[in-house]
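Here is a friendly briefing for reading a protein model. Please look at the structure below and keep it in view as you go through the points.

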Amino acid sequence: MPAWGLSKVASSLVLSLLPLLEAQIPLCANLVPVPITNATLDRISGKWFYIASAFRNEEYNKSIHEIQATFFYFTPNKTEDTIFLREYQTRQNQCVYNTSYLNVQRENGTISRYEGGQEHFAHLLILRDMKTFMLAFEVNDEKNWGVSVYADKPETTEEQLGEFYEALDCLRIPRSDVVYTDQKKDKCEPLERQHEKEKKQEEGERQHEKEKKQEEGES
């Protein structure tokens with residue numbers, strides 16, 4: 001699913017996550033979905049790095065090995081309950097850039113993306129560490145359980161990954177199954193710099209046009 005780091009995997013998944021009840025998996029407290037609020041959307045706004053993930057499904061594990069590095073930008077729209085996604089992903093030493101819109105299901109605590117003619121869902125899991133968050137996939141399907149973790153920097157500490165490891169232990173996914181990205185292999189930084197330069201140029205042109213119209217109105 002993740003655009004979010006796993007967009008290719010998403011195309012082969014039919015994610016139909018259902019809200020979890022603590023009674024079902026009492027030890028997985030950090031996997032129980034929480035409604036998404038405006039504060040939640042503010043918290044996940046900005047630039048994020050896909051750090052690692054693990055799936056019980058061998059096919060998915062094979063697919064995520066193809067991802068070398070991924071970073072992306074979340075720009076939430078609180079009125080429309082959408083998130084504009086700009087994703088920079090490195091595969092086979094090549095940069096792949098994509099943009100799309102994610103839908104927000106506030107009450108269910110999920111975000112979703114249309115891909116391959118289907119809507120794929122993931123539970124957004126806010127962690128104690130303000131600089132990280134997780135996405136949980138197929139939590140109602142024991143054979144396909146999966147969790148991904150994201151951070152605001154490409155390097156993370158063992159402490160920051162603590163809740164991610166707790167989730168894996170709870171889902172009985174061996175930590176040896178975790179697939180990590182390596183930002184040193186990123187090939188998208190030049191494209192990101194180009195986009196930032198173009199953005200500043202556009203902003204400068206808009207500001208120039210605005211000033212020009214003001215001058216014409218005063219004359």
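Cys188 counts as buried because its relative accessibility is 0% (buried means under 20% relative accessible area, exposed over 50% and partly exposed in between, with a 1.4 Å probe and protein chains only). Cys95, at 28%, counts as partly exposed. This is a predicted model, in which local features need pLDDT of at least 70 and side-chain atom pairs count only at pLDDT 80 or more, while totals for chains, interfaces and linings use all residues. Residues are numbered from 1 along each chain as its sequence is written, and side-chain values use heavy atoms, with hydrogens and water left out.

**The disulfide**

- Cys95 and Cys188 form a disulfide, with their sulfur atoms 2.1 Å apart (the rule asks for a pair of cysteine sulfur atoms within 2.5 Å).
- By this rule the count is one disulfide.
- The torsion about the S-S bond of Cys95 and Cys188 is about 110°, so this disulfide is right-handed.
- Cys95 belongs to strand β4 (residues 94-105) and Cys188 to the loop between β9 (179-180) and α5 (189-218), so the pair ties together parts that are 93 residues apart in sequence.
- Helices (H or I, at least four residues) and strands (E, at least two) are DSSP runs, numbered from the N terminus.

**The nonpolar cores**

- The largest nonpolar core has 28 residues, and Leu31, Ile51, Met134, Val149, Phe164, Leu168 and Leu171 have the most contacts inside it.
- Such a core is a set of buried Ala, Val, Leu, Ile, Met, Phe, Trp, Tyr and Cys residues joined through side-chain atoms within 4.5 Å.
- Two or more residues of this core come from each of β1 (46-55), β2 (67-77), β7 (132-137), β8 (146-151) and α4 (162-170).
- Which element gives the most to this core? That is α4, with five residues.
- A second, separate core of 23 residues includes Tyr50, Phe72, Val104 and Leu135.

**Aromatic rings**

- A pair of aromatic rings is described by the distance of the centres and the angle of the planes.
- Rings of Phe, Tyr and Trp (its six-membered ring) pair if their centres lie within 6.5 Å; planes under 30 degrees apart count as stacked, over 60 as edge-to-face and the rest as tilted.
- By this rule there are 13 aromatic pairs.
- In one of them, the rings of Trp48 and Phe133 have centres 4.9 Å apart and planes at 85°, so the pair is edge-to-face.
- Trp48 is in strand β1 and Phe133 in strand β7, so this pair ties together parts 85 residues apart in sequence.
- Buried or exposed: what is Trp48? At 4% relative accessibility, Trp48 counts as buried, and Phe133 is buried with 1%.
- The rings of Phe72 and Tyr150 also form an edge-to-face pair, because their centres are 5.7 Å apart and their planes at 80°.
- This pair links strand β2, which holds Phe72, with strand β8, which holds Tyr150, 78 residues apart.
- Trp48, Tyr50, Phe72, Phe74, Phe133 and Tyr150 form one aromatic cluster.

**Strand β2 and its partners**

- Eight of the eleven residues of β2 are buried, so this strand is largely enclosed by the rest of the structure.
- β1 and β2 run antiparallel and are joined by four bridges (two strands pair if DSSP finds at least two bridges between them).
- Ten bridges join β2 to strand β3 (residues 82-91), and these two also run antiparallel.
- β2 and β3 form a hairpin with four residues between them, and Asp81 in the turn has a positive phi of about 55°.
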